[in-house]
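Please read it beside the sequence and the structure.

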Amino acid sequence: MTGLSILNLDAVRAAPVSREPYSFFLGNDVLKPEAVDEIRQDFPAIAKPGYLTVDEVALKGRFKALIDELESDEFSRIMGEKFGIDLVSCPRLTTIMKKSQPKYGSIHTDGPSKVMTMLIYMNDAWDAPAAGRLRVLYDGKNYEPFAVEVPPTMGTMFAFLRADNSWHGHEPFEGERRVVQVAWVKDANELERKKKRNRTAQFLKGIFGR
């Protein structure tokens, strides 16, 4: 018996894990259809570009319930089982983005303090043929060739284990790009450092407007 009522766990479990060029999975329809309208309605009215931590955003309704599910031990257990690792013991950092800027999406691997990163997208449609579509990449320089391209549409989930070759990124996009990110990190001290760093970055954006 599960306590998760918004996440479609059957879809999460059914998504195959790929091991090349690194460990990841791409899942579709991971939000239950009956919850989508309310999640869309309750998505935070974020004016600033970039990722904000859940502590910096007013959460409400079904969207808040979704965040609670994503941060739950039950969900961490399911995700850990897919990759064969323990995630329940890892602290979690959840961030939310509504607006993207052209400078976002540069190719990177994520830092070594992260164990795993999960993204769930909440855009009704995506017309841009390449911009804003995350890609699983083979190196730190080129957007092509790519192993997988992730459509940032409602209910799409992408998760990967951080590695020295976990290259990913997307071509520049400016505009609304709704996404929730959960990062499982190695220790609580690192979690607090990341939260502080994110608050500082948002403060500087407020001063300099970028």
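In helix 2, which spans residues 33-42, the buried residues are Ala 35, Val 36, Ile 39 and Asp 42; buried means under 20% relative accessible area, exposed means over 50%, and partly exposed lies in between, with a 1.4 Å probe and protein chains only. Seen down the axis of helix 2, these buried residues fall within an arc of 145°, so they line one face of the helix, the arc being that of the directions from the helix axis to the C-beta atoms. An α-helix has 3.6 residues a turn, so residues three or four places apart point the same way.

Pro 33, Glu 34, Asp 37 and Gln 41, on the other side of helix 2, are exposed. The cover over the buried residues of helix 2 includes helix 3 (61-70), where contact means heavy atoms within 4.5 Å.

## Basis of the model

Residues are numbered from 1 along each chain as its sequence is written, and side-chain values use heavy atoms, with hydrogens and water left out. Because this is a predicted model, local features need pLDDT of at least 70 and side-chain atom pairs count only at pLDDT 80 or more, while totals for chains, interfaces and linings use all residues.

## Ile 107, in a loop

Ile 107 is found in the loop between strand 4 (92-100) and strand 5 (114-121), and with 16% relative accessibility it counts as buried. Not counting residues up to four places away in sequence, Ile 107 touches several residues, including Leu 137, Tyr 143, Trp 167, His 168 and Gly 169. Ile 107 and Gly 169 are 62 residues apart in sequence, yet their C-alpha atoms are 4.4 Å apart in space.

## Leu 119, in strand 5

Leu 119 belongs to strand 5 and is buried, with a relative accessible area of 6%. Leaving aside neighbours within four places in sequence, the residues in contact with Leu 119 are Tyr 51, Leu 134, Thr 156, Met 157, Phe 158, Val 179, Val 180 and Gln 181.

## The chain as a whole

The protein chain holds 5 helices and 10 strands; helices (H or I, at least four residues) and strands (E, at least two) are DSSP runs, numbered from the N terminus. Of the 210 residues in the protein chain, 52% are buried.

Among contacts between residues at least 6 apart in sequence, 81% join residues at least 24 apart. The protein chain exposes about 9900 Å², of which carbon and sulfur atoms supply 51%.

Technical notes. Areas by Shrake-Rupley, 256 points an atom, 1.4 Å probe, with all protein chains shown as cover.
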